[in-house]
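Subject: Structure handover

Hello,

Here is the structure I promised to pass on. Please open it and keep it beside this email as you read.

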Amino acid sequence: MVKKRPRIGIALDSGGAKGGAHIGVLDVLAENGIPIDFIVGSSAGAFVGALHATGSLGKIKAVVRDLTLRESLSYYVDPVFPRSGFLAGKKARAFLRSILGDVNIEDLPVRFAAVATDLHTGETVAIDRGPLADAVMASISLPGIFKPVIHMDRLLTDGGVTDPLPLDILKRYAPDITIAVNLHPRMPDRFDSVRRREILREEKKVLEKDVDVPSWIMERVSAMASSGIVQNGIAPLARNIFRRLNGNALRDSYFVEVLREQFGGGAKKTAPPRSHVLNIFDVLLASANIQQYQKNKLILAHESHDVLIAPDVTDISSQEFSRAGEAIAEGRRKAAEAVAQIRTLLKR
């Protein structure tokens, strides 16, 4: 009687541009004849996992090769009047469809699930059926950046909110060998000691100059908002401005430049900073990375796994898609170190 091959499942961490490391990991496993039977990914992990499941990794590698920050933003930046998110998500969804095709998850050659978060209930939602592009879009919709996605009669946002490294979801499919790919192996450390001191010094100066808004102004604003003056007066004007700009290349170009400035042009931490004062994107991204590191540490402590692959892409910002080549290379390096261990497990 022929012994059945152990079935392998892989859980892919969220992390934005850090997710390029997943490409390197999956490439090395394929090159070494290690098949993947189950893929569960959160956010960036869902995107790269879907690429692997559809045989599209080659396409995305061609896209990200020599990608600039401006080019990367052009794939998903479509600003809208900010109510539930700054970006509509239509560009991102169109890009996903162009890469992944019009395929349903149940028709893939491997079992696949994209992890998202239900904004109403707080539940982790594993999407393992229906249109693949829609599932991935729900999983990558970063709160506050993308508008939430309506899918499966739920209001969904990024899977990293509740389950960035979805080992628990993977175990539902009962793989014989479980691989975890953690993109947050250490606490984020974007700035060296000199830059930290400069940031603290500048932040203290800013705090000293900050002036509290008088309470009477806040009361007037509150009264105006509750009376509907803002909604009925200013909002239509803003909508008209956005309507005039809608579809205009000028609008996209402007927002690309704003984002380029906010993210520091995708520069490494060794590059001279534009300002020593942290902007809102710096604060939000740093907070998200710290939270994710802490979540993953707890997940790995409480969810058993056979193999841990941990590419050190901590210093790559979540939006630095222009550094995809570095992330892929690090993913390849760490996956190569794990090949012998996986082969040993396959022989059991």
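Below is what turned up, taken part by part.

**Ground rules**

This is a predicted model: local features need pLDDT of at least 70, side-chain atom pairs count only at pLDDT 80 or more, and totals for chains, interfaces and linings use all residues. Residues are numbered from 1 along each chain as its sequence is written, and side-chain values use heavy atoms, with hydrogens and water left out.

**The whole chain**

The chain holds 13 helices and 10 strands. Both are DSSP runs, numbered from the N terminus: helices are H or I with at least four residues, strands are E with at least two. Of its 348 residues, 44% count as buried. Buried means under 20% relative accessible area, exposed means over 50%, and partly exposed lies in between (1.4 Å probe, protein chains only). Now the contacts, meaning heavy atoms within 4.5 Å. Take those in the chain with a separation of 6 or more: residues 24 or more positions apart account for 78% of them.

Start with strand 2. Five of its five residues are buried. In a regular strand the side chains alternate between the two faces of the sheet. Here both faces are covered. F38, V40 and S42 are on one side, and I39 and G41 are on the other.

Which strands does strand 2 pair with? Strand 1 (residues 8-12) is one partner, parallel, over four bridges. Two strands pair if DSSP finds at least two bridges between them. The bridge partner of G9 in strand 2 is F38. From strand 1 the chain crosses through helix 1 (residues 20-31) to strand 2, and this β-α-β crossover is right-handed. That means the path from the first strand over the helix to the second runs clockwise, with the strands pointing away from the viewer. Strand 4 is another partner: five bridges join it to strand 2, and the two run parallel. Within strand 4, A113 is the bridge partner of V40.

**Strands 4, 7 and 8**

Strand 4 (residues 111-118) also pairs with strand 8 (residues 154-158), this time in the antiparallel sense, over three bridges. There, D118 stands opposite L156. Strand 7 (residues 149-151) pairs with strand 8 as well, antiparallel and over three bridges. V149 stands opposite L156 in strand 8. Strands 7 and 8 form a hairpin with two residues between the strands. In that hairpin, M152 takes a positive phi near 55 degrees.

**Aromatic pairs**

How many aromatic pairs does a search of the whole structure find? It finds two. Rings of Phe, Tyr and Trp (its six-membered ring) pair if their centres lie within 6.5 Å; planes under 30 degrees apart count as stacked, over 60 as edge-to-face and the rest as tilted.

F38 lies in strand 2 and Y173 in the loop between helix 7 (167-171) and strand 9 (177-181), so the pair ties together parts 135 residues apart in sequence. F38 is buried, at 5% relative accessible area. Y173 is buried too, at 13%.

The other pair is F47 and F95. The centres are 6.5 Å apart and the planes are at 45 degrees, so this pair is tilted. F47 is in helix 2 (residues 44-53) and F95 in helix 5 (residues 90-100), so the pair ties together parts 48 residues apart in sequence. F47 counts as buried, at 18% relative accessibility. F95 does as well, at 18%.

Is helix 6 (residues 132-140) enclosed or open? Nine of its nine residues are buried, so it is largely enclosed by the rest of the structure.

Helix 12 (residues 280-302) has 23 residues.

**T314**

Finish at T314, in the loop between strand 10 (307-309) and helix 13 (324-346). T314 counts as buried, at 6% relative accessibility. Its side chain makes a polar contact with the side chain of D312 (3.1 Å). A polar contact is a pair of N or O atoms within 3.5 Å; within protein, one must be able to donate a hydrogen and the other to accept it, and residues adjacent in sequence count only if both atoms are side-chain atoms. Leaving out residues up to four places away in sequence, T314 touches K18, P185, R186, M187, P188 and D189.

Best wishes

Conventions: The expected span of a helix is 1.5 Å times one less than its number of residues.
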